Amino acid sequence: AALHLGKVSPAIPALQASLNLTMVQAGFLLSLTQLAGMLAGVMIGVFSDGLGLRRSIISGQMILCVASVIGMGARQPDELLMLRALEGLGFLLTTLPTPGLIRQLVSRERLALHLGLWGCYVAIGTSIAFIAGPTLIETMGWQGWWGVPAICSAAMIIWLVRAVPSDRQRLPPETASARCTAAPSEAWTHRLWTTLKASGPWRVGIAFAMYAGQWIAVIGFLPSIYADTGLSVPMAGALTALAAFVNISGSTSAALLLHRGISARRLLLVGYMCMAITTLFAFGQFTQGMPVVRYGAVLVFSAVGGVIPGTLFMLAVSVAPSERTVSTAVGWVQQISSMGMFVMPPLLAKLAGWAGGWHWTWLASGLASLIGLLLATGLAQDDYAPSMPEPETLRSGN
């Protein structure tokens, strides 16, 4: 799913050449996958809880596959923009149920570790896109590149069907039966209201928006920024891939540190402070003519900032009011954070166009980090880690 998310960035120069894509349109192309989450993330989460976790993930992969195949035939930017919005729906159907499924399959003692590791999925998917994209676009065009994630989604559908048991097989008989016989209208309205009235998902969602919006904007535009400096497209893609890939080190570190009892609040403070400082070095005018310093700052921005998603994914599951509302709570967190991811890329593109360069990027990023910092001071792992029951599959002896 994250490969679909990252496939646009390395293709922006090719899309500009073949479809006359403007930079602002490119910004929306980067962010439109967040439209579904921004408008209906919590409802998609409610739907996923009711549909079944595995079934929701398979449905999401189907949508991603079909939308990407149709996108191969796009001839106008507007067509790609509409399809990217559809891919956003598939992305959410794939990712929102995943924490709940992990929660069912993993023991409580190892839950923070596994959720932190799962938080690497965006960095892994986008890194693969940045590394493979430029070469594949050069050899098979952007249309052929659009088909690669479609093939991956088709393969994932087959793997999920074969490897992950259905809800009826995975859950104890009484739990599966109760889920099937519950009154649908009462169940989803109760899940929705219970989630919306809880303060935890609101705070985690806004904190996530302040991280994800600036990360996807800065990393997403790097290939174009470096291409404008005269670097070759493959080199710009490789540098961006490394910048995205090092984000994994932060997410894995967060997983291990949370597993060892380090507070979520401390990790979030470090992450947001680092992002604010490094964007100043990466884009400030005082480092102009110092490409090594700027790129090093981008690497630190992504690496240390990576502790934030790993921590917030754990908190998003922890703040869910109940076992049945995990996808709903994650959906609400996603809906709030999607607003940040939707607004930030075109906002930075507009700011760069107004300023005649990217030297004011640090101001927008620093403001987002400051808001994240203020929220982080009110987040503590002990406050937002309610006693989570043992996964039902483990209790049943599976």
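In this predicted model, Thr287 counts as buried because its relative accessibility is 1%, and buried means under 20%. Thr287 sits in the loop between helix H16 (264-283) and helix H17 (291-305). Two polar partners were found for its side chain. A polar atom of the Thr287 side chain lies 2.9 Å from the backbone oxygen of Gly284. The side chain of Arg294 makes a polar contact with the side chain of Thr287, also at 2.9 Å. Leaving aside residues up to four places away in sequence, Thr287 touches Phe281, Val293 and Arg294.

The largest nonpolar core holds 97 residues. Within this core, Leu15, Trp215, Tyr272 and Leu312 touch the most other members. Helix H13 (residues 199-228) gives the most to the core, with 16 residues. A second core of 7 residues is separate and includes Leu53, Leu101, Ile157 and Val164. Tyr272 has contacts with Ala207, Phe208, Met210, Tyr211, Ile308, Leu312, Ser369, Gly372, Leu373 and Ala376, not counting residues up to four places away in sequence.

Helix H15 covers residues 247-259. At 1.5 Å a residue, its 13 residues should span 18 Å. The end C-alpha atoms are 19 Å apart, which agrees. Buried residues in H15 are Asn247, Ile248, Gly250, Ser251, Ala254, Ala255 and Leu258. Seen down the axis of H15, these buried residues fall within an arc of 165 degrees, so they line one face of the helix. An α-helix has 3.6 residues a turn, so residues three or four places apart point the same way. Gly261 follows H15 and has a positive phi, near 100 degrees.

Key: Residues numbered from 1 in each chain as written. Predicted model: local features only at pLDDT ≥ 70, side-chain atom pairs only at ≥ 80, totals over all residues. Heavy atoms only, no water. Helix = DSSP H or I, 4+ residues; strand = E, 2+ residues; numbered from the N terminus. Expected span 1.5 Å × (residues − 1). Buried < 20%, exposed > 50% of the residue type's maximum accessible area, 1.4 Å probe, protein only. Arc of directions from axis to C-beta. Core = buried A, V, L, I, M, F, W, Y, C linked by side-chain atoms within 4.5 Å. Contact = heavy atoms within 4.5 Å. Polar contact = N/O pair within 3.5 Å; in protein donor to acceptor, adjacent residues only side chain to side chain.
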